[in-house]
Amino acid sequence: YRVDDGPRLGGLEVSDFHYPLPFTDEFYGGLLEFQRTRRTSLVPRPAYLDAAVLVVETEREDIDVPEVAALNDLALAAAVKRLGQRLTAELSGIEVKSSTGLSIYLFDDPVRGAEFAKRLRDTLAAEGVQLRMGMDVGRVLLFELGAGLMDIAGSPVNVASKLAQDLGRYGAIQLTKEAATRAGIANTGPAHTVHASGVTIETVML
(Lines give C-alpha, C1' and ligand atoms only; values in the text may rest on other atoms or scores of the structure.)
Protein backbone atom coordinates (compact mmCIF):
# COMPACT_ATOMS: atom_id res chain seq x y z
CA TYR A 1 0.00 0.00 0.00
CA ARG A 2 1.08 3.57 -0.66
CA VAL A 3 -0.30 6.83 0.71
CA ASP A 4 -0.84 9.00 -2.37
CA ASP A 5 -3.03 11.80 -1.04
CA GLY A 6 -3.59 13.91 2.04
CA PRO A 7 -1.46 16.22 4.19
CA ARG A 8 2.27 15.56 4.35
CA LEU A 9 4.88 16.64 6.84
CA GLY A 10 7.48 18.84 5.20
CA GLY A 11 11.12 19.50 6.04
CA LEU A 12 12.10 15.82 6.13
CA GLU A 13 15.30 14.48 4.64
CA VAL A 14 15.34 10.88 3.47
CA SER A 15 18.32 9.07 5.00
CA ASP A 16 17.54 5.36 4.49
CA PHE A 17 16.44 4.57 0.96
CA HIS A 18 16.50 0.83 1.67
CA TYR A 19 13.98 0.73 4.51
CA PRO A 20 12.28 -1.66 5.26
CA LEU A 21 14.24 -4.21 3.21
CA PRO A 22 17.20 -5.46 5.29
CA PHE A 23 19.79 -6.02 2.57
CA THR A 24 23.26 -4.65 1.89
CA ASP A 25 24.48 -1.94 -0.49
CA GLU A 26 25.96 -4.70 -2.65
CA PHE A 27 22.50 -6.26 -2.96
CA TYR A 28 20.95 -2.98 -4.11
CA GLY A 29 23.84 -2.38 -6.48
CA GLY A 30 23.05 -5.73 -8.07
CA LEU A 31 19.41 -4.74 -8.46
CA LEU A 32 20.40 -1.54 -10.23
CA GLU A 33 22.69 -3.51 -12.55
CA PHE A 34 19.83 -5.88 -13.36
CA GLN A 35 17.52 -2.94 -14.12
CA ARG A 36 20.14 -1.54 -16.46
CA THR A 37 20.95 -4.78 -18.33
CA ARG A 38 17.87 -6.97 -17.73
CA ARG A 39 20.19 -9.97 -17.41
CA THR A 40 18.60 -12.35 -14.91
CA SER A 41 21.99 -13.86 -14.09
CA LEU A 42 22.84 -10.58 -12.38
CA VAL A 43 19.87 -10.67 -9.99
CA PRO A 44 21.37 -10.77 -6.47
CA ARG A 45 20.14 -13.48 -4.16
CA PRO A 46 20.46 -13.46 -0.38
CA ALA A 47 22.85 -16.08 0.93
CA TYR A 48 20.99 -18.81 2.80
CA LEU A 49 22.70 -20.82 5.52
CA ASP A 50 22.18 -24.45 6.39
CA ALA A 51 22.23 -24.28 10.18
CA ALA A 52 20.70 -25.26 13.50
CA VAL A 53 18.31 -22.78 15.10
CA LEU A 54 17.70 -22.84 18.85
CA VAL A 55 14.83 -20.88 20.41
CA VAL A 56 14.96 -20.44 24.19
CA GLU A 57 12.12 -19.22 26.38
CA THR A 58 12.78 -18.30 30.00
CA GLU A 59 10.27 -18.95 32.75
CA ARG A 60 8.65 -15.68 33.83
CA GLU A 61 8.26 -14.48 37.40
CA ASP A 62 4.79 -15.04 38.86
CA ILE A 63 4.62 -12.35 41.53
CA ASP A 64 1.61 -10.33 42.66
CA VAL A 65 3.59 -7.07 42.40
CA PRO A 66 4.03 -6.35 38.66
CA GLU A 67 6.94 -3.96 39.19
CA VAL A 68 8.92 -6.58 41.11
CA ALA A 69 8.17 -9.23 38.51
CA ALA A 70 9.31 -6.91 35.70
CA LEU A 71 12.59 -6.12 37.47
CA ASN A 72 13.24 -9.79 38.16
CA ASP A 73 12.53 -10.67 34.52
CA LEU A 74 15.00 -8.02 33.35
CA ALA A 75 17.69 -9.29 35.73
CA LEU A 76 17.08 -12.85 34.55
CA ALA A 77 17.24 -11.80 30.89
CA ALA A 78 20.61 -10.14 31.55
CA ALA A 79 21.91 -13.30 33.23
CA VAL A 80 20.76 -15.50 30.31
CA LYS A 81 22.35 -13.10 27.83
CA ARG A 82 25.72 -13.12 29.65
CA LEU A 83 25.79 -16.90 29.86
CA GLY A 84 24.61 -17.28 26.27
CA GLN A 85 27.33 -14.96 25.00
CA ARG A 86 30.01 -16.90 26.86
CA LEU A 87 28.78 -20.24 25.55
CA THR A 88 28.36 -19.06 21.96
CA ALA A 89 31.95 -17.82 22.04
CA GLU A 90 33.11 -21.24 23.23
CA LEU A 91 30.95 -23.22 20.79
CA SER A 92 31.17 -20.99 17.69
CA GLY A 93 27.53 -19.93 17.74
CA ILE A 94 25.72 -16.69 17.00
CA GLU A 95 23.32 -14.88 19.30
CA VAL A 96 20.72 -13.60 16.84
CA LYS A 97 18.62 -11.87 19.47
CA SER A 98 18.15 -11.95 23.21
CA SER A 99 15.34 -10.09 24.94
CA THR A 100 13.25 -10.49 28.06
CA GLY A 101 11.98 -14.04 28.03
CA LEU A 102 13.11 -15.09 24.55
CA SER A 103 16.45 -15.75 22.84
CA ILE A 104 17.42 -17.15 19.43
CA TYR A 105 20.79 -18.73 18.64
CA LEU A 106 22.31 -20.05 15.42
CA PHE A 107 24.93 -22.79 14.94
CA ASP A 108 26.42 -24.11 11.73
CA ASP A 109 27.05 -27.42 13.54
CA PRO A 110 23.98 -29.05 15.17
CA VAL A 111 26.29 -30.94 17.55
CA ARG A 112 27.49 -27.66 19.03
CA GLY A 113 23.93 -26.33 19.07
CA ALA A 114 22.76 -29.28 21.17
CA GLU A 115 25.77 -28.95 23.47
CA PHE A 116 25.02 -25.26 23.93
CA ALA A 117 21.38 -26.04 24.78
CA LYS A 118 22.32 -28.63 27.39
CA ARG A 119 24.95 -26.45 29.04
CA LEU A 120 22.66 -23.41 29.10
CA ARG A 121 19.80 -25.43 30.57
CA ASP A 122 21.89 -27.25 33.19
CA THR A 123 23.78 -24.14 34.34
CA LEU A 124 20.59 -22.13 34.86
CA ALA A 125 18.70 -25.07 36.36
CA ALA A 126 21.35 -25.21 39.08
CA GLU A 127 20.31 -21.64 39.94
CA GLY A 128 16.61 -22.51 39.98
CA VAL A 129 15.88 -21.05 36.53
CA GLN A 130 13.86 -23.17 34.11
CA LEU A 131 14.03 -22.92 30.32
CA ARG A 132 12.11 -24.53 27.54
CA MET A 133 13.86 -24.93 24.19
CA GLY A 134 13.17 -25.94 20.63
CA MET A 135 15.70 -26.75 17.92
CA ASP A 136 15.42 -27.42 14.20
CA VAL A 137 17.82 -27.51 11.26
CA GLY A 138 17.58 -26.29 7.69
CA ARG A 139 17.98 -23.27 5.41
CA VAL A 140 17.70 -19.87 7.06
CA LEU A 141 18.37 -16.28 6.08
CA LEU A 142 20.37 -14.25 8.61
CA PHE A 143 20.38 -10.51 7.97
CA GLU A 144 21.38 -7.25 9.60
CA LEU A 145 18.80 -4.70 10.69
CA GLY A 146 21.40 -2.00 11.33
CA ALA A 147 22.98 -0.64 14.51
CA GLY A 148 24.40 -4.07 15.32
CA LEU A 149 20.98 -5.76 15.34
CA MET A 150 20.24 -8.97 13.47
CA ASP A 151 17.19 -11.01 12.58
CA ILE A 152 16.56 -14.41 11.07
CA ALA A 153 13.92 -15.96 8.82
CA GLY A 154 13.12 -19.43 7.56
CA SER A 155 11.08 -22.51 8.34
CA PRO A 156 13.51 -23.83 11.01
CA VAL A 157 12.97 -20.63 13.00
CA ASN A 158 9.21 -21.14 12.98
CA VAL A 159 9.46 -24.82 13.88
CA ALA A 160 11.95 -24.23 16.70
CA SER A 161 9.68 -21.49 18.07
CA LYS A 162 6.69 -23.85 18.04
CA LEU A 163 8.68 -26.56 19.84
CA ALA A 164 9.85 -24.13 22.52
CA GLN A 165 6.94 -21.79 23.07
CA ASP A 166 3.81 -23.66 22.01
CA LEU A 167 4.73 -27.28 22.66
CA GLY A 168 7.69 -27.00 25.00
CA ARG A 169 8.11 -28.09 28.60
CA TYR A 170 10.20 -26.18 31.12
CA GLY A 171 13.40 -28.04 31.84
CA ALA A 172 13.36 -29.84 28.48
CA ILE A 173 14.99 -29.42 25.07
CA GLN A 174 12.76 -30.52 22.20
CA LEU A 175 14.46 -31.16 18.86
CA THR A 176 13.03 -32.24 15.54
CA LYS A 177 14.04 -35.76 14.65
CA GLU A 178 16.24 -34.38 11.84
CA ALA A 179 17.98 -31.99 14.23
CA ALA A 180 18.54 -34.78 16.76
CA THR A 181 19.94 -37.09 14.09
CA ARG A 182 22.35 -34.46 12.80
CA ALA A 183 23.36 -33.64 16.37
CA GLY A 184 24.15 -37.32 16.99
CA ILE A 185 21.58 -37.75 19.75
CA ALA A 186 18.68 -39.40 17.95
CA ASN A 187 18.92 -42.55 20.06
CA THR A 188 18.69 -40.85 23.46
CA GLY A 189 14.94 -41.39 23.63
CA PRO A 190 11.90 -42.36 21.59
CA ALA A 191 10.59 -39.96 18.97
CA HIS A 192 7.29 -38.25 19.69
CA THR A 193 4.77 -36.93 17.22
CA VAL A 194 3.47 -33.43 17.89
CA HIS A 195 1.06 -31.23 16.00
CA ALA A 196 1.30 -27.47 15.54
CA SER A 197 -0.52 -25.18 13.10
CA GLY A 198 -1.71 -28.14 11.06
CA VAL A 199 1.80 -29.61 10.74
CA THR A 200 2.94 -32.96 12.15
CA ILE A 201 6.48 -32.95 13.56
CA GLU A 202 8.56 -35.85 14.87
CA THR A 203 10.59 -34.75 17.86
CA VAL A 204 13.10 -36.00 20.40
CA MET A 205 13.06 -34.67 23.96
CA LEU A 206 16.18 -34.17 26.08
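At 0% relative accessibility, glycine 134 counts as buried (under 20% relative accessible area; exposed is over 50%, partly exposed in between; 1.4 Å probe, protein chains only). This is a predicted model: local features need pLDDT of at least 70, side-chain atom pairs count only at pLDDT 80 or more, and totals for chains, interfaces and linings use all residues. Residues are numbered from 1 along each chain as its sequence is written, and side-chain values use heavy atoms, with hydrogens and water left out.

**Glycine 134**
- Glycine 134 sits in strand E4 (residues 131-146); strands (E, at least two residues) and helices (H or I, at least four) are DSSP runs, numbered from the N terminus.
- Leucine 54 is 80 residues away from glycine 134 in sequence, yet their C-alpha atoms are 5.8 Å apart.
- Contacts (heavy atoms within 4.5 Å) of glycine 134, not counting residues up to four places away in sequence, are Val53, Leu54, Val55, Ala160, Leu163, Ala164 and Gln174.

**Serine 103**
- Strand E3 (residues 102-107) holds serine 103.
- Serine 103 counts as buried because its relative accessibility is 2%.
- Not counting residues up to four places away in sequence, serine 103 touches Leu54, Val55, Val56, Val80, Lys97 and Ser98.

**Arginine 169**
- Arginine 169 lies in the loop between helix H4 (155-166) and strand E6 (173-176).
- Methionine 133 and arginine 169 are 36 residues apart in sequence and 7.9 Å apart, C-alpha to C-alpha.
- Neighbours within four places in sequence aside, arginine 169 contacts Leu131, Arg132 and Met205.
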